Amino acid sequence: MKKLGIMVMTGLLLLILSAVFFAGCAKEDKEEVTEQDKVTITWWALSAGGGDESRERLRLKVIEDFEAQNPNVEVELTMLENEAFKQKIQVAVQAGAPPDLFHSWGGGVMVEYAEAGQLRDITGFVKSDLSKIVGIGALGVYGYDGKYYGSPYDMGAVGMWYNKAIFEEIGASVPKTWPELLAVIKKAKAAGYIPIALGGGDKWPAHFWWVYLAMRIGGQDAFNAAYGGSGSFKDPTFVKAGEMLLELAALEPFQTGFLGATYDDQAALMGNGKAAMELMGQWAPATEASNSDTGDGIGDDLGWFSFPAVPGGTGKNTDVMGGGNGYVVGKDAPDETLDLLKFFLQKEYNIELIDVEGIIPVAKGAEEALEGTLNSVIAEAVAGAGYYQLYYDQFLPPAVGEAVKDAVVALLAGQASPAQAAAMVDDAWQMEK
Amino acid sequence: MTWVSPGHIPSTVEDEGRHYIMKPLTAKGKASFQKHATILFLVAPAFILFTTFVVLPVLQSGYYSLFQWKGLGPLNNFQGVGNFIRAFKDRIFRIALYNNVKIVIFSLIIQLPLAFSFALLVARKKYTGSVFFRGLYFFPYVMAEIVIGIIWRFIYHPQHGLPTLFSQWFTADKMEIGLLGDTNLAFWAIFIVVCWKYIGFHMILYIAGLQGVPEELEDAAVIDGASKVQVVFHIIIPSIRNTIIISVFLCIVGSFNLFDIVWAMGQGGPVHSTETLVTYLYNFGFKRFAFGYGSAIAVIIFLICLVFNLFYQKYIVGEAQK
């Protein structure tokens, strides 16, 4: 009888559990009925990490303003740290339930999502509304095959950041060409400075060097040929880029142990005035400051110049590699999501983002707020670029992007020849095409 | 579970238990029915959970591993065993496998003997401070792997880390040493950290084992004229044989699943020199959106552990219990 008692008890317990479970479901249903006319928009954005809440505060303000104007809309904001976001969004998209509005860098990953039908095609809205606020060139990064899926709010450039005080001390001027850059490196090294800081362990800072060299050597045509199929990543341009990078590496311009260093290590060397130069995007000053001992970086000593020209190269010195941040729209997003995106992109907020996130604004008219800052130089470079290349690791499909980064690091470690590195990239590309 | 079959005459040659089960519904049979129903009832929740969250995902990744699949959209590019062939043809996969084997071997010959010697030193309260050192050696194990990885990144920091600091004592010039940036040394730098973390854990296992060895046994051996070395090899080690078997097992399986520390200290780099099977899975499965291929790697890791486990259970654990 005792056993029977246990069985009855277990049965009861299960009943109670399931009752609780179904009661939970029922309750949710009920709520939906009463708030049927209310539209909910889910929004996933990137946080700065390290407990800095300024990005969240700004977005909450945007939401408050937006909800005040649209009483039937409720926006649910989720702030995620960079790496956590990358993992969570992958799971959400695979489950077929992407958020309505979420962070994206455009390019290859976005294309994967779009091809799987997980993004909403907002081409009409981009042409009718967004293109009046944001330049069509910047919007292009969030488009593919003539269709648009979102918009950037930040679009910058990768370039050479340098320490003016060190340059002055060693008597160097801003190098315009590759040989001049090599000469500056020799001088800086002789004076006991680290000529170039590089976080090779994170790989992506290293791949900038190879990509920029290829851009200066072969220009847009070389990339288009490889990308379009009439050429390949084994073409002379990409091999030459490897050779020139080895020429640089032979001078040992990087800090000791750079192959194991992170981007934060790189930023710390610049922010503490130990290194003379780094090749990095528009966010560099902010990251240098937060990684420096003083918390302020090198302040006014920081300067910027565009990647030097390669003698005999067909790429123009105004060609720019860069990228930024933006949002794309999930497949099931309600129409109000588009209004929210447009609302977020207005000039006023875009200007605030300059301080909060260190962005290069994309909203028309917002660039005036940059005047007198270093970022205005970058904004000019972006605006004046005849050929704007999104970073390879974002533009190309993820498998190829990873291959590029691996190839460049192998090259710098002396474990692959320029031809082998180019072949590594091309093999991945041919497999993916 | 055919405990009742009407009209079936129970076989008499069956062993006791089976015989009992096959009996028709007598008073005793009824009790047995209830007993089995209760067992079923109580086992069911755990069984369902285990099947849903362990068995099904394993089978699922086995299925995915046969496709080329980006993790999005339908599974339509059937590859058969293509992913597995690709893995074994890949030089980097072989590096990862080789690294794992190296970790297993060197863990067995360095980590476990060290853990055992520490255990001998601190297990008995013979020496003052043995409790303190017990806590000290065990401390790294308490910290999360990812935290340890980050801390040791600072310790190995090329510009202001410990190796660089030590080098200053021997050379006049400040010589910078970047262990994690060196393709030959990074593996060993990480291996030291792995040992540092897990020695404490194995030491605790051995201490627990040693507490089951009566001190009188050792004393008796000493009275019989055994040297200290003889006591260790002929009394202590045979007495804690079962503990050693478990410790070796955990060490090997743990080595094959090593991820967090390696990831935090260099993501398998520089140039894949510290790649393990699991970091390889992450780098080449997740990061490249190659979920079919990643699943194949997961299946390989699973099979390695399964085969090893079966072998170990049968020949080592089984033998020990005889």
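What follows is a chat about a predicted model with chains A and B.

Reader: What kind of model is this, and how are residues numbered?
Author: The model is predicted; local features need pLDDT of at least 70, side-chain atom pairs count only at pLDDT 80 or more, and totals for chains, interfaces and linings use all residues. Residues are numbered from 1 along each chain as its sequence is written, while chains are lettered from A and ligands numbered from 1 in the order in which they are written.

Reader: What pLDDT does chain A average?
Author: The average for chain A is 87, and 91% of the residues score at least 70. pLDDT is the predictor's confidence in each residue, from 0 to 100.

Reader: Where in chain A is confidence lowest?
Author: In helix 1 (residues 2-34) of chain A, with a mean of 51. Confidence in chain A is highest in strand 8 (residues 194-196), at 96. Helices (H or I, at least four residues) and strands (E, at least two) are DSSP runs, numbered from the N terminus.

Reader: And which residues of chain A fall below 50?
Author: Residues 19-34 of chain A have a pLDDT below 50, and beyond near neighbours in sequence this stretch has zero contacts in the model. Two residues are in contact if their C-beta atoms, placed from the backbone, lie within 7 Å. Where pLDDT is low, the predicted coordinates should not be read in detail.

Reader: Switching topic. What are the domains of chain A?
Author: Domain 1 of chain A covers 39-156 + 323-390, and domain 2 covers 159-320 + 396-432. Such bounds come from an automatic or database domain assignment. The C-alpha centres of these two domains of chain A lie 27 Å apart.

Reader: How many residues of domain 1 of chain A are in contact with domain 2?
Author: In chain A, 18 residues of domain 1 are in contact with 21 residues of domain 2. Helix 15 of chain A gives the most to the side of domain 1 that touches domain 2, with six residues. By class, that side of domain 1 of chain A has ten nonpolar, seven polar and one charged residues. Ala, Val, Leu, Ile, Met, Phe, Trp, Tyr, Cys and Pro count as nonpolar, Asp, Glu, Lys and Arg as charged, and the others, Gly among them, as polar.

Reader: What about the domains of chain B?
Author: Chain B has domain 1 (16-64) and domain 2 (83-321). Their centres, taken over C-alpha atoms, are separated by 38 Å. Four residues of domain 1 of chain B are in contact with six residues of domain 2 of chain B. The domain 1 side of that contact in chain B divides into two nonpolar, two polar and no charged residues.

Reader: Single residues now. Is A:Gly414 buried or exposed?
Author: A:Gly414 counts as exposed, because it has 11 C-beta neighbours inside 10 Å. A residue is buried if 20 or more other C-beta atoms lie within 10 Å of its own, exposed if 12 or fewer, and partly exposed in between, with C-beta atoms placed from the backbone. A:Gly414 is in the loop between helix 17 (398-412) and helix 18 (418-432) of chain A.

Reader: What is phi of A:Lys203?
Author: Phi of A:Lys203 is near 65 degrees, a positive value in a residue other than glycine. A:Lys203 lies in the loop between strand 8 and helix 9 (204-228) of chain A. A:Lys203 is buried, with 24 other C-beta atoms within 10 Å.
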